[in-house]
Amino acid sequence: MTVTATGHPTVAPVPFDPEVQAVLDAIAQNPQPALTRETLPREGVDRIFPDNDTVIAGRAVDWEDRAIPGPTGAPDIEITIFRPRAASGSARPGFLNIHGGGQIVGHRSWETGRVVDIVAEHGAVAINVEYRLAPEHPSPAGLEDCYAALLWLHAHAAELGVDPDRIIVGGGSAGGCLAAGVALLARDRRGPVLAGQLLLCPMLDNTNTTVSSRQYDGIGTWQRETNLLAWSCLLGDELAFSPDASGYAAPAHAADVSGLAPAFIEVGEAEMFRDEDTQYALRIWATGGQAELHVWGGGAHGFDMYMPDAEVSRAALAARASWLRRIWSRA
C-alpha cells in the first residue's frame, strides 16, 4: 500500500491552540533525531521522569512494585500498584493504566503522574502495567500482557480492596489502543465485565489514510513518520498499513464494536488521530453503545501531558474526571 511521503503535511492542518503552539515552538528549539528501529531507547527509560515518591509529593498515596504472571509461556509482568492511604469501609474502584509510546518506546513510570492524580482524586486503586514492546515483541505480545494484567486485577480484587464491578481500563495513545484491544478481548473471551474504557487520543488505525493523519505529517508532538514506524514494528511489513490487520491490534478495524464497555474518547482537534478516534465513536454509537467523545479545539497529541497548564488541558482533565465519577458511581 502506498503511504504518503513524510516530512510535510499534504493537507492544510487545523491550527494549534495558541498556548499549545507556544510549547511546540519551545520544543522545536531542541529538535531530536527521528526514531528508527536501530535507535529505539531501551536503557534508562525508567529514569526519564521523576520517581514515584517525587510524583506523589506528600499526597496520601502508597505504592508497591510487583511481578505477576504473564500470558501462558510468556515472562512475568512488572506492575506498580497505587492505593489511597486512607482506610475505606467499602471496596474501591479499580483502574488499569497502559502507557503510551507507540508500543515501541515508553515505560509505565512515564504516566505515574496521571495515575496518581486518579488515585488521589477518585480514591481508586490503580495498576500501572509494563508490557512488552515491539519490534522485539510484535503484536499481540503487548496486548496479551495487558489482558493478563486485567485478569490478575480482577482475580485479586478482594486482596487489593477493589470492587470487581468497577474496573476501568485506560491509557493514552498506544495505551489507548491497547485499552481498546483489552476491552474487545474481555468481551470476546467472556472475561471480566469492565465498567468502562478510558481512551485518551488512542492510536487505533494502522492504515494512516485519514485526512488528519496527513495534516500532521512532520508537525506536532506525535508525527506521521513515527506512527508509520510504530505500526511497522508492531505488525510487520506485510500488515503494517493493511486493513487486514487484526482488529484487536488496530481496533479501528474490529469487525464488531457492539457490546463494549462505555467508552470515553478524548482527542485533540489538531492531531493525526482525530479522525480515527471520531470514527470509532461513531461506530460504537451505531450499535447502540456508549461513547462520550471530546475533540478539544487546537489540542495537539497528548496535550494534557505536554501542556498541562493550558486552558484546553484544564478543561479536558475536568471532563475526564467527571466521566470517571459518573461511571464509577453508576457501576
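Biologist: Before we start, what does buried mean here, as a cut-off on relative accessible area?
Modeller: This is a predicted model, and the label rests on relative accessible area. A residue counts as exposed when that area is over 50%. Buried means under 20%.

Biologist: Okay, so is N208 buried or exposed?
Modeller: N208 is in the loop between strand 6 and helix 7. Its relative accessibility is 2%, and the cut-off is under 20%. So N208 counts as buried.

Biologist: And what is the phi of N208 near?
Modeller: Most residues other than glycine have a negative phi. N208 isn't a glycine, yet its phi is positive. The value is near 55 degrees.

Biologist: Which relative accessible area does C201 have?
Modeller: C201 lies in the loop between strand 6 (196-200) and helix 7 (211-215). C201 also has a positive phi of about 40 degrees, although it is not a glycine. C201 is buried, so the value has to be under 20%. The relative accessible area of C201 is 8%.

Biologist: Moving to the prolines, what is omega near for the bond from A134 to P135?
Modeller: P135 is found in the loop between strand 4 (125-129) and helix 4 (141-155). Most peptide bonds are trans. The bond from A134 to P135 is cis, with omega near 5 degrees.

Biologist: Is the peptide bond from S139 to P140 cis or trans?
Modeller: P140 sits in the loop between strand 4 and helix 4. Omega for the bond from S139 to P140 is near 15 degrees. That peptide bond is cis.

How values were computed:
Residues numbered from 1 in each chain as written. Predicted model: local features only at pLDDT ≥ 70, side-chain atom pairs only at ≥ 80, totals over all residues. Heavy atoms only, no water. Helix = DSSP H or I, 4+ residues; strand = E, 2+ residues; numbered from the N terminus. Buried < 20%, exposed > 50% of the residue type's maximum accessible area, 1.4 Å probe, protein only.
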